[in-house]
Amino acid sequence: IFLNDKKKKEKILEMCLKFKKKYNKEFEIDILRIENHHDMYINLIGDLKPDEKNDICLKLEIFLKTNLEKSLLVYFEWKTDISKLRRLTIK
């Protein structure tokens, strides 16, 4: 909690690497931002299904709370598709 943002991200990324070794999928964890000292917003990069991303986010939060800081909260930030054609809805 008392580290500056740079040190905090380094520590969290170090723990994320340990978490990824336990998980049997290829993906990257991108820390988008940290707010209010304990709210961490992430993006998961890789060939993952939406339900896998939710599961990984929950497991990552539990892992970080157990191994790093109990007050950390992990939020998965959904990215909108850039392609307007894929976002069109048929009416």
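Modeller: Buried means under 20% relative accessible area, exposed means over 50%, and partly exposed is in between. Keep in mind that this is a predicted model.

Biologist: Happy to start there! Why is Tyr75 called partly exposed?

Modeller: Tyr75 has a relative accessibility of 34%. That value lies between the cut-offs of 20% and 50%, so Tyr75 counts as partly exposed.

Biologist: And what makes Tyr41 buried?

Modeller: Tyr41 comes to 17% relative accessibility, which is under 20%, so the residue counts as buried.

Biologist: Glu52 is a charged-looking name to find on that list. Why is Glu52 called buried?

Modeller: Its relative accessible area is 19%. The cut-off is under 20%, so Glu52 counts as buried. Glu52 lies in helix α2, residues 50–67, and beyond its neighbours within four places in sequence it is in contact with Lys25 and Asp47.

Biologist: How do you know that Cys16 and Cys57 are buried?

Modeller: Cys16 has a relative accessible area of 3%, and Cys57 has 8% relative accessibility. Each value is under 20%, so each residue counts as buried.

Biologist: How many disulfides are there?

Modeller: The count is zero. A pair of cysteine sulfur atoms would have to be within 2.5 Å to qualify.

Biologist: Let's turn to the rings. How many aromatic pairs does a search of the whole structure find?

Modeller: It finds two.

Biologist: Why is the pair Phe19 and Phe63 called tilted?

Modeller: The ring centres are 5.6 Å apart, and the planes stand at 55°. Phe19 belongs to helix α1 and Phe63 to helix α2, so the pair ties together parts 44 residues apart in sequence. Both Phe19 and Phe63 are buried.

Biologist: And what makes Tyr41 and Tyr75 a stacked pair?

Modeller: Here the centres are 5.0 Å apart and the planes are at 20°. That angle is under 30 degrees, so the pair is stacked. Tyr41 lies in strand β2 and Tyr75 in strand β3, so parts 34 residues apart in sequence are tied together.

Biologist: Which residue has its charged end over the ring of Tyr41?

Modeller: That is Arg33, 4.1 Å from the ring centre.

Biologist: One last thing: which residues have the most contacts inside the largest nonpolar core?

Modeller: Ile42 and Leu64, in a core of 21 residues. Helix α2 supplies the largest share of this core, five residues.

Note on methods: Residues numbered from 1 in each chain as written. Predicted model: local features only at pLDDT ≥ 70, side-chain atom pairs only at ≥ 80, totals over all residues. Heavy atoms only, no water. Helix = DSSP H or I, 4+ residues; strand = E, 2+ residues; numbered from the N terminus. Buried < 20%, exposed > 50% of the residue type's maximum accessible area, 1.4 Å probe, protein only. Contact = heavy atoms within 4.5 Å. Core = buried A, V, L, I, M, F, W, Y, C linked by side-chain atoms within 4.5 Å. Phe/Tyr/Trp six-rings, centres within 6.5 Å; stacked < 30°, edge-to-face > 60°. Lys NZ or Arg CZ within 6 Å of the ring centre and 35° of its normal.
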